[in-house]
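The following paragraphs lead the reader through a protein model, part by part. Please keep the sequence and the 3D view at hand while reading.

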Amino acid sequence: MNTHAKNINIAEVVANDIAHHFHPFTDHKAFHAAGGPRVMTQADGVWIWDANGNKMLDGMAGLWCVNVGYGRKELAEAAYQQMLDLPYYNTFFKTTTVPTTDLAAKISSVMPKRFQHIFFTNSGSESNDTIVRFVRHYWKLKGKPYRQHFIARTRGYHGSTMVAANLGGFQGMHEQGGTRFPGFHHVQQPYWYDFGGDKTPEEFGLEAAADVEKKILEVGPENVAAFIGEPIQGAAGVLIPPSTYWPEVQRICRKYGVLLISDEVICGFGRTGNWWGFQSLGFEPDIVPMAKGLSSGYQPIGAVAFSEAIIKEFFDLGGEFYHGMTYAGHPVAAAVALRNIEIIQREKLVEKTREIGPYFADALASLRDHPIVGETRSMGLIGAIELSSNKAKRIRFKDSGRVGTMCRDHCFKNGLIMRACWDTMVLSPPLVISKKEIDELVRLARVALDATYRDVKAEMA
Ligand code: PXG
């Protein structure tokens, strides 16, 4: 494998990258000190190779997105054919292209019946920006212009654009670039491991949901436009809320007429063992942003699904919605996304994920005997391993994120890509992963955990 790398002058790529490439979410001083980037060149199934020929099991499906796995020729062919037929046309001003409309119908067909209208974007961030503009305008059209405030969660991740970063609850992001607009509020995350104390997860789930009601009352129910949350918080460390949480959040939102938004950018398209995370977590949103698994990352594309009740009112009351991106519903991205959903259906990847979920959960649970593993948890094929200095008391290592980074680096060295969210190791492998590959993933994880434990002990000695 890795035939590509033979023709690549790696030293030149690295030098050019250091000289010219300004990377996202990267500390450039540390990046340069480390000698520049790892260059990825080729991938197949759940495996990825770098330019030096190192083979790694991609436990993150890229960035939570390559659901159908790497190396799908038919997705390349779909793009190629569409480029030959019609490489671009827009969807503004009463026009469309065939794959764009087909994709809107296809997405609707894999959602509950009340979702029949799809707005296209190019990313998850744009989907969430679109929602904020839409929702604020919707309430204005309905004669409730004060309903402008959004409630979200601490360490929720909704993207990086100005508005998406406001929706998100990452302090570090809020402190950069003026992303503290009025009208965005954050409540507690339903994270039992860190905040549940002596309560049962179910008790804690209700308590975390009550925080949503508290915030609605604080802001004034007449001012609250919507509540947004990921069914399972991904970038925060795969926080799977207790079963009591989402149904209670839904009850509270309905009580105060607050719209409910399920950010499905990570959880959508099978990740949790159902098409949508809200189906696995037991609630019914009004609006659904999506991206990532929509094209399995083979093309940049995002979308927003609106329930018919809302969209009908919007169409009836409103004139033109002054919003849209040049590449919204791009025909090549749409053709690829369409074929990607066909693959998910043909290969029954949603059902397969539901079936293999317990195997994945058991495999992760086999790591619980490890001295620095405090908890493992998963749903479908998204999971986490909590690193802990005192398992019984759920105590963290000091300097949050330091030991997690050590573990992540050991993973890379040993052929596994597993991300660290502070000291929570997270996993989201391609949905095509086999039982044998899950065994290998867990074997590699243990190797990295052992090496991390050795480092930690050496520090204490
Ligand atoms: N919503 C959720 C739930 C996400 O996870 C976005 C929106 C934004 O999507 P775009 O396509 O604009 O990136 C995301 C993206 C990480 C990481 O390190 C996670 C994301 C993006 C980048 C890094 O876990 N999620």
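According to the domain assignment, the protein has domain 1 (38-68 + 348-459) and domain 2 (74-346). The model is a predicted one. Taken over C-alpha atoms, the centres of domain 1 and domain 2 are separated by 26 Å.

We turn to the place where the domains meet. How many residues of domain 1 are in contact with domain 2? There are 35 residues on the side of domain 1, and they are in contact with 38 residues of domain 2. Between them, domain 1 and domain 2 bury about 2,900 Å², and 58% of this area is on carbon and sulfur atoms.

Polar and charged groups also take part. Between domain 1 and domain 2 there are 23 residue pairs in polar contact, and the count of salt bridges between these domains is 1. Side chains of opposite charge can pair when their charged atoms come close. Asp194 and Arg396 form a salt bridge in which the closest N and O atoms are 2.9 Å apart.

Which elements give two or more residues to the side of domain 1 that touches domain 2? They are the helices α3 (61-64) and α15 (349-365), together with the strands β11 (373-379), β12 (382-387), β14 (419-421) and β15 (424-427). The most is given by β11, with 5 residues. Sorted by class, this side of domain 1 has 18 nonpolar, 9 polar and 8 charged residues.

The next topic is the ligand. Around the ligand there are 16 residues, of which Trp64, Gly124, Ser125, Asp263 and Arg419 come nearest. An N or O atom in the side chain of Trp64 is 2.9 Å from an oxygen atom of the ligand. Ser125 places a polar side-chain atom 2.5 Å from an oxygen atom of the ligand.

Finally, we consider the salt bridges of the model. The count comes to 23 salt bridges. One of them joins Glu218 with Lys215, the closest N and O atoms being 3.3 Å apart.

Terms used:
Residues are numbered from 1 along each chain as its sequence is written. This is a predicted model: local features need pLDDT of at least 70, side-chain atom pairs count only at pLDDT 80 or more; totals for chains, interfaces and linings use all residues. Side-chain values use heavy atoms; hydrogens and water are left out. Domain bounds come from an automatic or database domain assignment. Contact means heavy atoms within 4.5 Å. Buried area is the accessible area (1.4 Å probe) that two parts lose on being put together, summed over both. A salt bridge is a side-chain nitrogen of Lys or Arg within 4 Å of a carboxyl oxygen of Asp or Glu. A polar contact is a pair of N or O atoms within 3.5 Å; within protein, one must be able to donate a hydrogen and the other to accept it, and residues adjacent in sequence count only if both atoms are side-chain atoms. Helices (H or I, at least four residues) and strands (E, at least two) are DSSP runs, numbered from the N terminus. Ala, Val, Leu, Ile, Met, Phe, Trp, Tyr, Cys and Pro count as nonpolar, Asp, Glu, Lys and Arg as charged, and the others, Gly among them, as polar. A residue is near a molecule or strand if one of its heavy atoms lies within 4 Å of it.
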